[in-house]
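Q: I have this one open on my screen and would like to talk through its contacts. Can we begin with the charged pairs and then move on from there?

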Amino acid sequence: MRKFHHFIHRSAPWLLLWVAAGLMVPNIVLCFTELGCVWGKFANILFPLGVYLILLSLSRKTGRTALLMIPFMFFAAFQVVLLSLYGESVIAVDMFLNVATTSYSEASELLANLVGAMAAVVVIYLSAIIWGVFAVCDNARLPRSWILACRKTGIAFGAVGLILVGIAYGVCKRYSFEHETFPINAVSNLIEAFDRSFESKAYPETSRNFSYSARSTRPANEREVYVMVVGETSRALNWQLAGYGRPTNPKLSGMPGLTFFPYSITESNTTHKSVPMLLSYLSAENFNELPRTKSIVSAFKEAGYATAFFSNQPPNGSYTQYFSEEADRTIYIKPNGSLPHLDEDLLGFLREELADTAARKKFIVLHTYGSHFLYRDRYSKDCARFLPDDFIDASVKDREKLINSFDNTVLYTDSVLSEIIDMLKRQNCRAAMFYSSDHGEDIFDDERQRFLHASPTPTYYQLRVATLCWLSDSLLKSEPRFEKALESNRGRRVSPQKSLFPSMLQAAGIESPYITRSASLLDKAYAPTPTVYLNDLNQALLIENSGLRTIDKDLLAPYLDE
C-alpha cells in the first residue's frame, strides 16, 4: 500500500500531462476530419491546449485540478464517440437533442455495439478521473517548477493561438472562432440545444390558437378511412420497389393501387426534425414555425374526422409526442423506454379502431420502429430470410450480416404495410395509406466507413428514403384524376416533408389555406421545388450546399434531376 501511495505522489506531473493529452484528442482528430482554414486548425490546437495547461496549473494539488476538468472531459468523450460513429464533425445541436429524446433501451443498444469507442473513453477519461480521485485522497502535489513551466507554456500557446485566430479571420473566408474551436463550438451548440428544448416545452401554449381552418367537401355520412404510417430509418436503397436486387418487397411489388416514389429525398436526417415536418404542413423553409403549428391530426379533426395515434416509439417530450396528443385516442405501446415491440403489435390497435364504426370518418397515424438499430430486433423470425444476420457488433467486418439484418427489417416492413392495406381493403370505402420513412442510414457503405444517421453532415444513404401511397378502388373510381396524377408524378423528385400533408388532405377531400396544390402528389399541378436540407442551425440549404461530400453529390445526382 505504501508503494501505491508513493506512486500516486510521484506521478502527479504525469496525471497533469495525461489529462491535457486526453483533452486534446478531439482537437487533433478534428483537424484532420474537418474542412476549413489551416490557420484555424492550428489555432484549434494551440489555443485550447494553452487554456488547459493554465487551468491545470492553477493549484499544486493536481488531483483537484484534474477533477475540475471533468466538464471538458465530458465534451471530449462525447466527441470521441461521435467521431468513431461518423468520422467527422463536432458535436451538433441535433446530437444533444437526440440524446435528450433517446430512451435508455435505445441508448444501451447503440453503446453496446460501440465497444472500441467506449473502451477508448474509459482508457482516456475514466482513468484520468479515477487517478484524480486517488491524487485528491493522497493530497498529491505538483512540484513548483512544474506549476511555473505549465503556466508559462500555457500562456505562450494561448497567445500564439490567438494570433493564429487573427490571421485566420484575415486570410480565410467564413472562418468563425466560435464554430471552429473545440470545445467552444460544442458548448455553444449545447446552449442552443437547451434553448430549443425550452421552446418545445412551451409548445402547448405557443400553438394554442393555431387552426388549419380545414373543412371536408364530402358528405358527413360517407365512410372514409385514411392511415398515415411514419417509417423509421428505412433507406430506399434497400427496397425492391426502388430497384434493389433482393426481394425485400414481395408483397407490395405489383400491388394494385400502390405507387412508390423512387426519387424521394428527406429534408432532415434526424427524427426529431423530420417527423414533425411529415406530420404537419411545415418543411425546411418554414421549420422555425414549428412551436406555433399543430399537426395533420388537428387538420383532420377540424374536418370532422375521428383521429387516433398509435406509436411503437417511446414518448419523449418531443414535438412528435405533442402532435400525438392532439388525437382523440393516443396509445404508446412502448412506454417508459421499455424494450420495443415489433411493429405488427400496432396492427391490433388499428384493427380495433377500424372495427369501431361509430365515427364514419377516421384518420389514423401509426408511428413505427421500422429499421432502427439494433436491426435484428426489429423483425419476426419468419422474416429472417437473409442470413446470416447474427452480427456481434457494429463494425466493418460484420457489414454483410448488418446488411442482411437491415434487409430483413425492410422485408418485415413490407409485411406490415401489406397487412394494413388488406385491412383497409376490407373497409369497402374510400381509403388510403401513405408511408414515408423519416430518414435513411449509413451502414459502412463506402471507404468512409460511416454508420447510423443524424450526423451533422448528411450522406446519400441518409437522405434517400422510401415513400409510397396506396389508394382504394373506391377512392380511385370516385377520383380518377388521382390515378392520372400519381402516374405522372411517380417518377418525379419528391420531398415527403412537403408532399405528405397536402396529398393526404387532398385524398380526403379536405380544403385548407395551408394546402399547397403544387406539392400534392395527387394533383396534376404538382411541381417539385429545388431539394433542400435542414441543417443543424435550422437553416434550409440547397442540397448541394449542405456539406455533402463529392461522393454523395455524385450518388444523389440521378435523383435530383426533374
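A: A search of the whole structure, which is a predicted model, finds 32 salt bridges.

Q: Which residue forms a salt bridge with Glu222?

A: Glu222 pairs with Arg430, and their closest N and O atoms are 2.6 Å apart. Arg430 belongs to strand S7 (residues 430–437) while Glu222 sits in the loop between S1 and S2, so the pair ties together parts that are 208 residues apart in sequence.

Q: And is Arg430 buried or exposed?

A: Arg430 counts as buried because its relative accessible area is 13%, which falls under the 20% limit for that label.

Q: What does Asp552 meet in a salt bridge?

A: The side chain of Asp552 meets that of Arg448, at 2.7 Å from N to O. Asp552 is in helix H22 (residues 550–560) and Arg448 is in the loop between strand S8 (442–443) and strand S9 (451–452), so this pair ties together parts that are 104 residues apart in sequence. Asp552 has 0% relative accessibility and counts as buried, while Arg448 is partly exposed, with a relative accessible area of 23%.

Q: Which residues do shared partners join into one network?

A: Salt bridges that share partners link Arg218, Glu222, Glu224, Lys361, Arg430, Glu479 and Arg481 into one network.

Q: Switching topic: which residues of H20 are buried?

A: In helix H20 (residues 480–489), the buried residues are Phe482, Ala485, Leu486 and Asn489. Seen down the axis of H20, they fall within an arc of 100°, so they line one face of the helix. The face turned away from that buried side carries Lys484 and Glu487, which are exposed.

Q: And what covers the buried residues?

A: The cover over the buried residues of H20 includes S3, strand S10 (467–471), helix H19 (473–478) and helix H21 (496–507).

Q: Now Asn312, where does it lie?

A: Asn312 lies in the loop between strand S4 (306–311) and helix H15 (319–324), and at 0% relative accessibility this residue counts as buried. A polar atom of the Asn312 side chain lies 2.8 Å from the backbone oxygen of His341. Apart from neighbours within four places in sequence, the residues in contact with Asn312 include Ile333, Leu346 and Tyr369.

Q: How about Asn238, what does its side chain make a polar contact with?

A: The Asn238 side chain makes a polar contact of 2.7 Å with the side chain of Arg235. Asn238 is found in the loop between strand S2 (224–231) and strand S3 (258–260) and is buried, with a relative accessible area of 2%.

Q: Last one: which residues make the nonpolar surface patch?

A: Val38, Trp39, Phe42 and Val171 make a nonpolar surface patch of about 390 Å². Helix H3 (residues 38–56) provides its largest share, three residues. Trp39, placed in helix H3, is partly exposed at 35% relative accessibility.

Notes:
Residues numbered from 1 in each chain as written. Predicted model: local features only at pLDDT ≥ 70, side-chain atom pairs only at ≥ 80, totals over all residues. Heavy atoms only, no water. Helix = DSSP H or I, 4+ residues; strand = E, 2+ residues; numbered from the N terminus. Buried < 20%, exposed > 50% of the residue type's maximum accessible area, 1.4 Å probe, protein only. Polar contact = N/O pair within 3.5 Å; in protein donor to acceptor, adjacent residues only side chain to side chain. Contact = heavy atoms within 4.5 Å. Patch = residues over 30% accessible without salt bridge, like charges linked within 9 Å, V, L, I, M, F, W, Y side chains within 5 Å. Areas by Shrake-Rupley, 256 points an atom, 1.4 Å probe, with all protein chains shown as cover. Salt bridge = Lys/Arg side-chain N within 4 Å of Asp/Glu carboxyl O. Arc of directions from axis to C-beta.
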